[in-house]
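Morning, everyone. Please put the model up on the screen, and I will walk through it.

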Amino acid sequence: MESHQEQDVVAHLSPKDSAPTRLSPSDHGFFSQGAYLLKKTEISIESTPAELFSDDHSSDRASTCSTTRADKRRLRNLLGTHTDRESEESSSIWRSSEDLNQPFESLQFGTKVSIEAAQPVKDREQQFHEMKGLQQAASMKRWAGEGRPAEAWGKLMKDPELWDCSGDTLVYFGYQRPQASFRVKASLLEDTKSEILNSKLQEGFQRTAKVLPSHTNTSSLRGMKNLNLAAKGRRQMPTLAEHDLLVHENSIRHEIHFPAPDNASRLDILRHHITTRNFFAFLLSKPLVGLTLYQALTDLHERLYFYMAPDVDCTEIMIQYLTKNGLHQVTNDPAAAAGLLSWSEKNNVVWQEGWREAFVHCVGMYNNLRCLPELRDVSHESRALLELSHLELQARIENCQHRFSAFNFDDLWLTSIQPSSLPRRSFDNFREFLRRYYERAYKSWPPASSLGSGNHWLTRELTQRLQNDFSCLYEYLVDRHRLWDKSSEKSPDDDILSLTKIFLLFDKKHEYPHIPHPYPLLPNVTAEIFEGKQPKSGFFSSKAKSTEKKVVHACAEASNATQLQAEVTSNGLLAAFLRFQKFDLVTEMNAQEVRQGRWILLYGILQVLSTLSVDTPGLWFTDVPYFLNARLSGHPPWRSEAEEVPEEANPKLGYCWTVPKK
C-alpha cells in the first residue's frame, strides 16, 4: 500500500538568487486567498500530463518533488484553480511566457510547467499609496464640447476615438506596453512638419520592418485560446476576425513610442500619457480628456511648443482647436468655466475673448463654483474679481426682488403730489393690477424660489419674461415723436405732474441713464364729452355708458396699436391691460392724468429691469438659466491703461435704448 503521507512541495522563487521556499500542501489556501498572486514565482514540475492528472500508482518517475498520489492531487488542485478561469489564464499564466522569454508553445502541460507568482501582498497603507495613480485615472473626464457636460472616461489604454483601422502607424505610451493605444496615419504626423515626430516615424519604421508579423507565425494569433490543439501540432484555420487582424498587422509601417520621463511620479506619468493622447486628439479634432480642463489645456499647450515647428503660433492653433470643437462653450459647467478662465489668463496665452466669456459664466455660476477645487487654478486677482462681481450681482438681484415683490416704486413720486390725487390713484390701481396678474400666472407672487437659484425667486427666466411683458406695454403706449430734451433738464415742464422732473430726480438718484423716449401718448378727451347734466338713474344710464365708450375709444386711439408686430399684440400682459383700462377710472374727466399715473410706474419698472435683463455684449453663448451681466470693472487682469476697456452690460443696451424707431 503506497504511503499517503503528505510531503512538502519545493517552489523555486524568481529571481534565481532567492532562497527556495518550502510550501506545505495546506498552503494551497494561502495562494487562493491572494497572499501570493501568480506572477513571479516559478514552479518546475518534471511530470507528464498523464502522470499529473491520473491516479496511477505505478509511476515512479523522478521529479524535483516527490510525486505521490497525494502530491499529484495537490498539484492538480493548485494548477487547476488558476487555469480554469480565462481572465486569469491570459493575464496571470499564459502571458508569463513573454516575461520569461519562452516560446508560446512551452506553456503546454508536458515535461515542464512554469508559473509566475507575485511577492507577498503589501500592507494596507502601502496599497493605499500605490492606488493613488489609479484613483487619479478613475477621475479622468472627457469634454466633448458644444455645451455637453463632462463625462467620466477611462479608455487610456486603447482609445476607440483615435483608432483608425486604415492607419499605418501604431502609437504606444512606452516601450514596455504590449498593446498600442492609438492607430493613425503617418501622414497625420508628417503634415505637422515636426522634426521630433518625423524622427519618431523614421525610427518606428526601422523597428517595425524587423518585427512585422507574418501569416504563419502562431504568436500573431493573439486571440487563440485552445492551447491543447496548438500543443498537438494541429493546424487551425484563423477566424474572420483573426484574418482581419493579420491583414491589419501587415499594413502597419510604423510603431512609435512616447514613454514618460524617468523618475516621474505616478501622477506625472498619468498626465504625460493623457497629454500624448490629447495631442493626437488635437491633430484629429477629437474631444479632450484629463483630470481638469485647465490641466488638459495647459499640458497640451506645452506639448505643442515641444513638438511643433518654431514658426507655428501654438496659442493661435490651440484657440482654433477650442472654437472648432466647441470646447469654449462652458455653459452650465462651473468647473469647465474655471478651467477656461485659468488657461486664458496664462502669460503665454492672454486670450481676452476666452477670459471674458469664462469670467461672466463663472460669476453667474459662482454659488456652485466657490466649493470646487478648480477655483484654485484661477489667479488670485481673478478670484478677487469674481468675488466682487458676484456680490455686486447679488445686490442688484436683491434690489430688483424688493422692487418687484409688490411693485414698490413709491419713491418716484414728488412730495408735493397728494396720495389722493387722480394720477396717484391711477398709479396704485395699475400696481394692484400687475400684482394680481402675476399672482394668477405663478399661483403666488412673488413666486417660490427655484432649485439652484441661490434662494432667489427672481431668476433669469422670470426677468426675461418681465422684460418682454413690459417692453410690449411700452411699445403700445410710448410716444416715439418726443425725445428726452436736455434743455428741459434745466427748466422742467410746468404741467401738473411734471414728468420730466419726476424722471430726472429718479434717474439721478439711482444713476440711471434717461430713457430716450420717456413720454406716453396721451388720450384726447375734451370737456365736451362730460358736458350736460347726468340723469338721476346714475352711472349705468345710457348717457354714462356713452361717455365711457368715448373715453375708452380715446384711450385706444392714443396708442401704437396699428403699428405693433404680431409678437407684441399677442402678449398676455398687454391683452390683460387693454381689458383693465376699459374699466379703470374711465369716468374721470382727465384721462391724460390717468395715463400719466400708469406711465410713471411703467417708467420705473423699465429702468430697474434694465439693470438685470441686459447681458454682457459679445458673449458667444447665452442660453443659460443664470444671469450673464457681471461687472468686468475694466478687466481682464493683463489689460494696460492704453488698451480699450471692453464693453460690459449696462442699461443703455436695454430694450428702450436699442429698439428701432417705429
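I will go from overall figures to strands, then to aromatic rings and charges.

First, a caution: this is a predicted model. Everything I quote is computed from it.

Overall figures. The protein has 662 residues, and 47% of them count as buried. It has 26 helices and eight strands. The accessible surface comes to about 34800 Å². Carbon and sulfur atoms account for 51% of that surface. Now contacts. Take those between residues at least 6 apart in sequence: 68% of them join residues at least 24 apart.

Next, strands. Look at β5, residues 169–172. Which way do its side chains point? Thr 169 and Val 171 point one way from β5, Leu 170 and Tyr 172 the other way. All four are buried.

What does β5 pair with? With β6, β5 pairs in the antiparallel sense, over three bridges. With β7, residues 254–257, β5 pairs in the parallel sense, over four bridges. Here are two bridge partners to find on the screen. Leu 170 has Arg 183 in β6 as its partner. Thr 169 has His 254 in β7.

On to the rings. How many aromatic pairs does the structure hold? The count is 31. I picked two.

Pair one is Phe 182 with Phe 280. The ring centres are 5.5 Å apart and the planes are at 45°. Stacked needs under 30 degrees and edge-to-face needs over 60, so an angle between those limits counts as tilted. That is why this pair is called tilted. The pair also links distant parts of the chain: Phe 182 is in strand β6, residues 182–184, and Phe 280 is in helix α12, residues 266–284. The two are 98 residues apart. So β6 turns up again: the strand that pairs with β5 also holds Phe 182. Buried or exposed, these two phenylalanines? Phe 182 is buried, and Phe 280 is too.

Pair two is Phe 404 with Phe 407. This one is edge-to-face, with 6.0 Å centre to centre and 80° between the planes. Phe 404 is buried, at a relative accessible area of 0%. Phe 407 is also buried, with a value of 0%.

Last, charges over rings. Lys 158 lies over the face of Trp 163, 4.2 Å from the ring centre. Lys 200 has its charged end over the ring of Phe 258, at 4.8 Å from the centre.

That is my tour. Over to you.

Terms used: Residues are numbered from 1 along each chain as its sequence is written. This is a predicted model: local features need pLDDT of at least 70, side-chain atom pairs count only at pLDDT 80 or more; totals for chains, interfaces and linings use all residues. Side-chain values use heavy atoms; hydrogens and water are left out. Rings of Phe, Tyr and Trp (its six-membered ring) pair if their centres lie within 6.5 Å; planes under 30 degrees apart count as stacked, over 60 as edge-to-face and the rest as tilted. Buried means under 20% relative accessible area, exposed over 50%, partly exposed in between (1.4 Å probe, protein chains only). A charge sits over a ring if NZ of Lys or CZ of Arg is within 6 Å of the ring centre and within 35 degrees of the ring normal. Two strands pair if DSSP finds at least two bridges between them. Contact means heavy atoms within 4.5 Å. Accessible areas come from the Shrake-Rupley method with a 1.4 Å probe; for residues, only the protein chains shown count as cover.
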